[in-house]
Amino acid sequence: MVVHSTAELVLAGLDPEQRSAVTAPAGPVCILAGAGTGKTRAVTSRIAHRALAGEISPRHVLAVTFTARAAAEMRHRIALIGVPGVQARTFHAAALRQVRYFAPRLLDGRAMPELLDSKVRVVTLAAAKVGLRADRAAARDLSGEIEWAKSSLVEPGEYVVAAAKALRETPYEPTKVADVFAAYERLKRSAGVIDFEDMLRAAVWGIEEHRDVAEQVRGQYRHFVVDEYQDVNPLQQRLLDAWLGGRDDLTVVGDASQTIYSFTGATSSYLVDFPRRHRGATVVRLVRDYRSTPQVVGLANAVISQARGTEARLRLELHGQRPPGPEPELRIFTDEPAEATAVAARCRTLVDGGTPAKEIAVLFRTNAQSEAYEKALTEAGVPYVVQGAERFFERAEVRQAMIALRAATRSIPGETPLPVAVREALAAVGWAPDAAPPGGAARERWEALAALVQLAEEYAATPEVLPIGEAAAVERPATLADFNDELARRAAQQHVPTVDGVTLASLHSAKGLEWDAVFLVGLSEGTLPTSYARTPEQVEEERRLLYVGITRAREWLWLSYASARSPGGRARRPSRFLPQLDRSGGGERAGTGGTRRPVERRRTQVISCRICGATLLAGPDRKLGRCPTCPSDLDEGLYARLCDWRARVAGAQRVPAYVVFTDATLTALAERRPGRVEELIAIAGIGPRKLGLYGEAVLALVDGAAVDDIAPEKTFEISS
């Protein structure tokens, strides 16, 4: 009875849909979870609820996801509920531990082959073997193509046909890629090394071809949870099927609208077809968004509501649960340098206003766009971190640290706690925990190594459960060798530790992350969607990329594009995915229900901010001639005289004050202080009629005249 009551406590605070997911019966369960809808809480609560109710044993649970960060978060949350022993790993980490454990049995006593932390070096040699001179960029492209093939269960001899079917944009002629692929496999075998796809295949082979291994693994793991199920590739699904062995205690969580990794072999088909593959499956939809304001949610809904294709069948309309926030801003700039400068200036303003730099992100479609923002942020004095494009694990100090950590496995006693061992190893390369140097390159090096120490502390917080059978299952603390394997996996996937600063990241690498303020930049045709997106399916994936970017923002969202790549360059069109904002005044409106009504575009004069150069869309901004967040240079004395004069004119004409001039127009007059008719009529809202009625009076007030000197009943006729 006490256990049951404890299990019931897990349900406290869950919304109705989350509760349905948590209490779904044993068997196949599919949770369709939109961005920010609390999917991690739902799945961890489901595991804990079942364990506390006595339905399952925690050590028989294996939860798999795609990043070490997500796995650590899952383990942490389950432990906080009071259910220790659950294994939450990435596919690669789970497979690595199983292969290493069973290697002596599978390899006739031989040690497991060394794991490649990067394919690039071997691929470069393979390309040379077949007569190709591949530089580092080309070798990376070839490595990506080989990873796609192996993840898709495609052999070298099948590559040409498979690539044609998948409409792959190959870095070389497909037959040449196939030759490099075959040479790469031969070089690996001769060197006695394996890559991460080989490791997954070895885990599959161990279970499928060795009954004793299958019985032991399946005896240990009986209940499975798979996060981000829309990102599973055929090789990972094959491993999941091997783990299951025909059983159906499987909970999957995913969002088809966040399917953005098809180029790696990931496919949402397993998520889409889950109810068909698992008859009688329970399907739950989570649609209450707790991450973003209703304004951000509304924009996300507007973008994804236009989606077409297979994934659109599982499209979710989100409902924002947070209090209202600022409307998303859409800005248009003359060229990319102007766009980058404006973004950096706004980042500076946000940081100065108290927003931590690490809570700000600038997201773009391709890593090549990063350079302009790195330069602009540097000039603005704003710290930044480049995610993915930075190649954290290729930095000299990080490579040196990883060498020192591998060497330390031979000199530091195995029983030394992992964080202590890592600190001792890094001391050999000159790092000290309390000796952070002042800013600059030296500080960046120190921060990079400090990030490795923090990563070791997080990694050590979760012991490993060895699959030694039900009676003998034991927990083992993480060792330095384990941590080195984790670093190798992260290096291969460019999974970078967190370092303080504004995050510069591609939309792909931003998946799974969130920030208070997000800048989505470069949203023009040819960039998003990329010019390489030629089929309807490829275009739809580009739309989903924008959707993912929008849903990274908690509160403040900026979308922008440049009319030209460089000053005076060829004109470009905005991305077709951007909502049709009303440029005549109010912009789009977002209701609390999280939906938006696209408004027909109208032809209007282009007005730019006189301070930052952004194209102004909202009526009040156009009148002011500046963005609402750009600094005001209001002449308060003039503004007071204008208000007094307007009140007298309105009284004399017996009309409301706003009929004479709106507050926004008076503010614009007091800021811009027009001295000539041409400058006066340039202010939005002052047309020929009002110029004729009030032009001379306004110019006189700007010139310093007192209100008492201007008769309120008098109107003026002047010519331009």
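A: Angles run from 0 to 180 degrees between N-to-C directions, with axes fitted to C-alpha atoms, for helices over the stretch in contact. Helices (H or I, at least four residues) and strands (E, at least two) are DSSP runs, numbered from the N terminus. This is a predicted model: local features need pLDDT of at least 70, side-chain atom pairs pLDDT 80 or more, while totals for chains, interfaces and linings use all residues. Residues are numbered from 1 along each chain, and side-chain values use heavy atoms, without hydrogens and water.

Q: In what order do the six strands of the open sheet stand?

A: Strands of a sheet pair through backbone hydrogen bonds, either parallel or antiparallel. Here the order is 3-2-6-7-1-8, with parallel pairing; a pair needs at least two DSSP bridges. Strand 3 (87-90) and strand 8 (282-286) each have a single partner strand, so one side of each lacks a neighbour in the sheet. The twist averages 15 degrees from one strand to the next.

Q: How many bridges pair strand 2 with strand 6?

A: Four, between residues 61-65 and residues 223-226. Leu62 stands opposite Phe224 in strand 6.

Q: Is strand 18 mostly covered or uncovered?

A: Buried means under 20% relative accessible area, exposed over 50%, partly exposed in between (1.4 Å probe, protein chains only). In strand 18 (residues 553-562), nine of its 10 residues are buried.
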